[in-house]
Amino acid sequence: MKPLYLMSTRLAPSVLTRTVIGFIALVCLSLILATTWQMNQSRRERVATAKISVSNIVRAAEQQAQDTVRQADNTLRDLVERVEHDGVAGDQQVRLAKLMAQDLLNVEGIQGLFIYDAQGNWVANSFSEGIQSKNNSDRAYFLYHRDNADEAIHIGSIVESRSTGDMVIPISRRINAPDGTFAGVALATVPVAYFQAFFERMDVDDKGVIFLALNNGDLLARRPTLSALTTTNVAKGDIFTRYLPHGDSGTAVIKSVVDGVERIYAYRRVSGLPIVAAAGVSCQPVFAPWWAYAYRSMALIGMIILALASLGALLYRQIQQLITAEAGLNTARNELEVIAQTDSLTHLANRRCFDTAFEKEWGRASRNNSVIAIILLDIDWFKQYNVLPETDLAGALSVAEKVRLSIVNALIDHSASPVGNVTISSGVVAISAPIKDGRSYALAEADRLLYCAKSDGRNRVEGRLIQGLDGVGQAAIASHLIPVA
């Protein structure tokens, strides 16, 4: 099984910079997204809570309307049956007035009870026992019963009571003669203030609203009270135009057509009655705590992002400084490498450079089982070492001789030399199939031949072929000493 080597990779400065910036950006984006999601969830929760609250208010208003209309309807049924059976002549009229006065005490929410004949004249009412000369034939509820044989209960738009001057909701039934023709109207009036007093007990904010309206949009009661309530109609509002046509109940965020306030509404058709109940709470108090939370969260996230950005800027500057320092170190290292392998006077490769190149070429020759030649050149009274890879003895001798002749022919003045010019002596060694541990012996042999050349008079080349080296650096086969010049 091969060993497993773990290698650590150092990131490049530019990659490190991008990584740090990307990480900080990712953290900031994650914080923003998480906070946005949390704020959105909090907003939805507040809306859901508000919708539940107004839905409960609407159910309470619906129940109140149903109970009030049911009690009024039961009372009117009894009156209509009595009138249709006993009539209203003579003592019956007095009994009717007493009965209606007693019903008024027993039934909560009803302001007055009235009986009208076929011409709209007041026959009896719950306020007085005598006959009054008032006529209500012009009222919308009277005209409806006169022109429609429908015996169901009828709820009309708000009118001003002609007996008390209060704003009232008329609830009426048709009275028929024995032959089925129109004989009059039985009426119960419910004061608008009755519903508004009930609405005041509901938990809505100062800008909240609760209302009851007919199917045609005419308001029956509203909190807060409108100064012109009798002429107010909400049929053009979103509840009637956008939502009720598609469902009898629901919730929505709507801007009121009456006062322009945006509210969270719940709406519902009152079961069995031509009435719509609705309630709304103002968005401002609903979202006020949410906005406070949102501002705090945004401020906190802003400070965190600012801190991360500052940290990122600091890290970026530090990385840039490291990059600059590393570039300086690389330059210095390169310069030191040049200095370490170059002679400061001649700017030529020195012994360290020679050793590095010699080791490299020796290893390659060992692997390839090839020939490597070494030339040591020395200006007399100076030394210089060279290497000739892939070169046999003849080639190495030829190169060394050419170098020697070139120096001689150059006639470089050298006053310290007996001949007056610069000359060189060389020791040349060629090794066939060198082994790894034979470098020292080969180099020492080249150096020995160099000094042989110097001992024999200088300005000459001495060469030797070594046909193999054993492990201890000894010549395995007889070598040949070849003087060149």
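**Reading aromatic pairs and a sheet**

Modeller: In this predicted model, the count of aromatic pairs comes to 13.

Biologist: Why is the pair of Phe-287 and Trp-290 described as it is?

Modeller: A pair of aromatic rings is described by the distance of the centres and the angle of the planes. For Phe-287 and Trp-290 the centres are 6.4 Å apart and the planes stand at 70°, so the pair is edge-to-face. Both residues belong to helix 6, three residues apart, or about one turn of the helix.

Biologist: Is Phe-287 buried or exposed?

Modeller: Phe-287 is buried, with a relative accessible area of 8%. Trp-290 also counts as buried, at 8% relative accessibility.

Biologist: Which pair is stacked?

Modeller: Phe-354 and Phe-358 form a stacked pair, with 5.4 Å from centre to centre and 15° between the planes. They lie four residues apart in helix 7, and both are buried.

Biologist: What sits over the ring of Phe-287?

Modeller: The charged end of Arg-43 does, 4.2 Å from the ring centre. Arg-43 also lies over the face of Trp-290, at 5.5 Å from the ring centre.

Biologist: How many strands does the open sheet have, and in what order?

Modeller: Strands of a sheet pair through backbone hydrogen bonds, either parallel or antiparallel. Here the open sheet has five strands in the order 8-7-11-10-9, with antiparallel pairing. Strand 8 and strand 9 are the edge strands, each pairing on one side only. Helix 6 lies across strand 9, strand 10 and strand 11, at about 35° to strand 11.

How values were computed
Residues are numbered from 1 along each chain as its sequence is written. This is a predicted model: local features need pLDDT of at least 70, side-chain atom pairs count only at pLDDT 80 or more; totals for chains, interfaces and linings use all residues. Side-chain values use heavy atoms; hydrogens and water are left out. Two strands pair if DSSP finds at least two bridges between them. Helices (H or I, at least four residues) and strands (E, at least two) are DSSP runs, numbered from the N terminus. Contact means heavy atoms within 4.5 Å. Axes are lines fitted to C-alpha atoms, for helices over the stretch in contact, and angles run from 0 to 180 degrees between N-to-C directions. Rings of Phe, Tyr and Trp (its six-membered ring) pair if their centres lie within 6.5 Å; planes under 30 degrees apart count as stacked, over 60 as edge-to-face and the rest as tilted. Buried means under 20% relative accessible area, exposed over 50%, partly exposed in between (1.4 Å probe, protein chains only). A charge sits over a ring if NZ of Lys or CZ of Arg is within 6 Å of the ring centre and within 35 degrees of the ring normal.
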